[in-house]
Amino acid sequence: MDVNYRVKALPPYVFVELDKKKKAARAAGRDILDLGIGDPDRPTPLRIIDNFREAVGKASNHQYPIGRGSMVFKQAVMKWMEKRFDVGITDKEVMCLIGAKDGITHLPLAFLNPGDIVLIPDPGYPGYTSGTILAGGVPLTMPLKKENNFLPDLKSIPEDVYKLAKIMWLNYPNNPTSAMAGYEFYEEALSYAEKYDFMIAQDAPYSEIYFNSKPISMLQIKGAKDHVIEFYSMSKTYNMTGWRCGFAVGGEKYINGLGTVKENMDSGTFTAIQETAAWTLLNCDEEAGQIRALYSRRARAFTKGLRTIGYEVLEPQSTIYLWVKVPGNMKSMEFCTRVLEEADIVVTPGIGFGQAGDGYFRIALTVEEELISKALDRLKKVKF
Ligand SMILES: Cc1ncc(COP(=O)(O)O)c(C=O)c1O
């Protein structure tokens with residue numbers, strides 16, 4: 001039996017070929033340096049692990065997690081939102097997620113009817129598109145261009161598109177470009193959402209990995225709760241990708257819709273993980289600061305080295321990535337294949353994040369500084 005038309009409509013996984021080549025090179029005994037995957041190389045900080053040892057020992061944490069998150073977790077998020085952004089939310093405006101990806105891919109199922117348009121940043125995280133397609137929606141891309149500071153040009157979107165739009169995805173701090181958004185842009189986006197009555201889903205898993213100015217929450221804008229849901233994550237802030245814990249905050253109607261879908265699909269995040277995540281949000285600013293400083297050092301070192309050997313690197317502002325111009329006239333896939341063949345390094349071609357990403361490649365800052373020097377030495381071999 002064949003898969004259905006929705007699964008068939010999912011975009012092809014463009015990294016397959018590169019992935020195959022990486023595996024073949026490793027099997028042939030080559031020492032491949034992987035700067036492709038956005039997964040922190042360092043472990044979860046010890047204090048968090050110690051807290052979890054205690055949480056996992058409690059029998060009360062061993063049953064099915066209840067509802068949209070434990071009260072302990074929801075209250076910690078409410079306090080964190082207040083402390084971090086000065087945003088007050090109620091326990092009905094928050095829910096626990098099995099990582100931000102869980103919320104991102106399930107949100108469209110709650111709100112789309114067949115044919116509804118979803119506006120998606122290009123380049124962008126693939127989950128925005130796959131969630132839309134699996135829910136029967138129509139993804140339309142909003143190119144993120146350097147001349148617009150990698151913000152979508154909201155004025156250029158035709159009125160008839162806005163009229164059919166149900167969701168607009170935003171993602172700041174941005175993967176893969178590392179760009180940030182401020183009040184003015186969020187206010188403009190909200191004004192469109194108010195005029196055409198759509199939802200803005202602002203994906204913020206890198207909210208705590210910034211190098212100069214602190215990212216703001218879109219919920220700081222007056223009236224935002226009527227149109228906005230935001231996604232946050234423990235994954236990158238505290239090196240907890242494998243724990244699968246994040247949260248959504250925003251308008252109650254959006255939390256209710258997403259909550260209803262999830263109640264019918266999963267049984268939530270292990271309560272002991274929620275307990276530790278709650279404690280972490282309230283007690284681990286120092287750890288988050290160390291992680292932020294680590295990426296900032298790596299971003300600076302890598303950027304300086306790349307510029308010295310002739311690459312055009314966007315000034316890193318946030319996240320765990322560098323967004324670098326593909327040299328010469330090569331396509332991003334051709335360039336990344338050459339980097340693998342000639343320098344034994346895996347980097348991600350921009351095309352993997354959308355058509356508008358094709359002039360760039362992404363470097364994940366997930367290796368220690370010694371390996372950054374090694375990567376730079378190897379990259380010198382790739383002539384352009
Ligand atoms: C932009 C963006 N959104 C969401 C996610 C998923 O995060 P989580 O681990 O919380 O599911 C990622 C992970 O890389 C990401 O880059």
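Author: The bounds of a domain are taken from an automatic or database domain assignment. The model shown is predicted, so to speak of local features requires a pLDDT of at least 70, side-chain atom pairs count only at pLDDT 80 or more, and totals for chains, interfaces and linings use all residues. Residues are numbered from 1 along each chain as its sequence is written, and side-chain values use heavy atoms, with hydrogens and water left out.

Reader: Which residues make up domain 1 and domain 2 of the protein chain?

Author: The domain assignment gives two entries for the protein chain. Domain 2 covers 46–284. Domain 1 is written in two pieces, 5–43 + 286–379.

Reader: Which residues does M168 touch, not counting residues up to four places away in sequence?

Author: In soluble globular proteins, nonpolar side chains tend to be buried together. M168 is one of the residues that touch the most other members of the largest core. Beyond four places in sequence, M168 touches L119, M142, L154, I157, Y162, F198, M199, I200 and A201.

Reader: Which side chain has an N or O atom 2.6 Å from an oxygen atom of the ligand?

Author: The ligand is surrounded by 15 residues, the closest being D203, Y206, S233, S235 and R244; a residue is near a molecule or strand if one of its heavy atoms lies within 4 Å of it. For S235, an N or O atom of the side chain is 2.7 Å from a ligand oxygen, and for R244 the value is also 2.7 Å. The distance of 2.6 Å belongs to the side chain of S233.

Reader: Which helix gives the largest share of the shell around the ligand?

Author: Helices (H or I, at least four residues) and strands (E, at least two) are DSSP runs, numbered from the N terminus. The largest share of the shell is 3 residues, and its source is helix α5 (residues 100–111).

Reader: Is Y254 buried or exposed?

Author: Y254 is found in helix α9 (residues 252–263). The side chain of Y254 reaches the backbone oxygen of D226 at 2.8 Å; a polar contact is a pair of N or O atoms within 3.5 Å, where within protein one must be able to donate a hydrogen and the other to accept it, and residues adjacent in sequence count only if both atoms are side-chain atoms. Because its relative accessibility is 6%, Y254 counts as buried.

Reader: Which residues does T337 touch, leaving out residues up to four places away in sequence?

Author: T337 lies in helix α12 (residues 332–343). With a relative accessible area of 17%, T337 is buried. The residues that T337 touches are L18 and K21.

Note on methods: A nonpolar core is a set of buried Ala, Val, Leu, Ile, Met, Phe, Trp, Tyr and Cys residues joined through side-chain atoms within 4.5 Å. Buried means under 20% relative accessible area, exposed over 50%, partly exposed in between (1.4 Å probe, protein chains only). Contact means heavy atoms within 4.5 Å.
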